[in-house]
Amino acid sequence: MAQFLSNLPVGAKVKFGSIYNQPIVWLVAAKNHAGYPSGAITLLTERIVKIMAVDAKEPSNSNSDRKNYGNNRHIHSNILQWLNSPAGAGQWYQSQHAADAPPNSGEVTYNPYTQQAGFLNAFTADEREAILQTTLTVVKSSTDGGGSETFTKKVFLLSTTEVGLANESGIAEGSRLAMFTTDNGSRLCYPTAAAVANSDYSSSSLAVDKAWYWWLRTPYASNAHSVRNVDSDGSLYYSSAHSGSGGLRPALNLPSSLLVSDTTDADGCYTIIWWTPPNMAFDINNVKKVYDNGWCKVNG
């Protein structure tokens, strides 16, 4: 049997998509969240699913910080483009501005990803189609004139506001999601075993049983290159955009009408149930009529 995705409570676990040939486990982070698509169910990965940089150094950028440490204007970031690409290996990157550069080895401190497939490449066609476009607000650094701007994507990083931390430059980037409180403990996150195993950055602190820092979309508005993150203790911090040791914890929105299993699997997760037309046909006036895509044509 099945039930609507909207029946699940905040905090429930759902399997959706894959990375490193393993299903991604997501948490229901909010339901019908203000500013998101109407009725949407917001999912956030339970764990950090990859270790990577936000943006590469930009050798041709006239701004010395962006030349040496990457760009913190989120709409131009490598990570945002990669998250929303279904392209195959080495095909996802396209320049976003005149000085843009791909996250090659040497341009990010660890874990270059230019030659990898886009994040959505390992999702099924049904999964990619189900993800809703979401319009989001992001602060601009003083280098980019301050204030904020909006963008629309399917997969995104959360903001300081959405995780219950301080508004950057006093600007609200959305509102706090239901799964977060003002307590640092609600923001602690741990990497998956696959994220650790596939990282060329290694540390005794990067382990499945130890909380790690994870990227937000919010820039550190006082400079041109730093990006906000949730630190390993759940507090607010920042790092240079080209730092390849940061954790990826993306979010997305799905329609509330998607069907999921009535019960959880061995991992405590609900699974999406994709409806397919039954394989049957009808004999009408000695003419075979095939039932397809939910209907059968009878007498025109």
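This is a predicted model: local features need pLDDT of at least 70, side-chain atom pairs count only at pLDDT 80 or more; totals for chains, interfaces and linings use all residues.
In strand 15, leucine 259 has isoleucine 273 as its bridge partner.

As background, strands of a sheet pair through backbone hydrogen bonds, in either a parallel or an antiparallel sense.

## The protein as a whole

The protein contains four helices and 17 strands. Along its principal axes, the C-alpha trace spans about 80 × 40 × 40 Å. For 300 residues, a compact globule would have a radius of gyration near 19 Å, and the 21 Å of this protein agrees with that.

Buried residues account for 50% of the 300 residues. The exposed surface comes to about 13100 Å², with carbon and sulfur atoms supplying 46% of it. Among contacts with a separation of 6 or more, 61% are between residues 24 or more positions apart.

## From strand 2 to strand 3

Strand 2 (residues 13-19) and strand 3 run antiparallel and are joined by five bridges. Isoleucine 19 stands opposite glutamine 22 in strand 3. The hairpin made by these strands has two residues between them, and tyrosine 20 takes a positive phi near 55° there.

Strand 3 is mostly covered, with seven of its 10 residues buried. On to the next neighbour: strand 3 (residues 22-31) also runs antiparallel to strand 4, again with five bridges between the two. Here alanine 30 stands opposite threonine 42, and lysine 31 has isoleucine 41 as its bridge partner.

## Strand 4, covered on both faces

Strand 4 (residues 41-45) is mostly covered, and five of its five residues are buried. In a regular strand, side chains alternate between the two faces of the sheet. Ile41, Leu43 and Thr45 lie on one side of strand 4 and Thr42 and Leu44 on the other, and all of them are buried, so both faces are covered.

Strand 4 also pairs with strand 13 (residues 251-254), in the antiparallel sense and over four bridges. Within this pairing, leucine 44 stands opposite alanine 251.

## The largest nonpolar core

Nonpolar side chains tend to be buried together in soluble globular proteins. In this model the largest nonpolar core has 64 residues, of which Ile79, Phe119, Leu158 and Leu254 touch the most other members. Strand 3 gives the largest share of this core, with six residues.

Setting aside residues up to four places away in sequence, leucine 254 touches Leu5, Phe16, Ala40, Ile41, Leu43, Ala130, Ile131 and Leu132. Ile41 and Leu43 in that list are also two of the buried residues on one side of strand 4.

## Two buried residues in one loop

The loop between helix 2 (78-83) and helix 3 (125-130) holds threonine 114, and phenylalanine 123 lies in the loop between these helices too. Threonine 114 has a relative accessibility of 9%, which is why it counts as buried. Its side chain makes a polar contact with the side chain of asparagine 104, at 2.7 Å. Beyond neighbours within four places in sequence, threonine 114 is in contact with Gly90, Trp92, Pro102, Pro103 and Asn104.

Phenylalanine 123 counts as buried because its relative accessibility is 3%. Leaving out neighbours within four places in sequence, phenylalanine 123 is in contact with Phe16, Gly17, Ser18, Ile24, Trp26, Arg128 and Ile131. Phenylalanine 123 and isoleucine 19 lie 104 residues apart in sequence, and their C-alpha atoms are 8.4 Å apart in space.

Definitions and conventions
Residues are numbered from 1 along each chain as its sequence is written. Side-chain values use heavy atoms; hydrogens and water are left out. Buried means under 20% relative accessible area, exposed over 50%, partly exposed in between (1.4 Å probe, protein chains only). Two strands pair if DSSP finds at least two bridges between them. A nonpolar core is a set of buried Ala, Val, Leu, Ile, Met, Phe, Trp, Tyr and Cys residues joined through side-chain atoms within 4.5 Å. Contact means heavy atoms within 4.5 Å. A polar contact is a pair of N or O atoms within 3.5 Å; within protein, one must be able to donate a hydrogen and the other to accept it, and residues adjacent in sequence count only if both atoms are side-chain atoms. The radius of gyration is taken over C-alpha atoms; the globule rule is 2.2 Å times the number of residues to the power 0.38. Accessible areas come from the Shrake-Rupley method with a 1.4 Å probe; for residues, only the protein chains shown count as cover.
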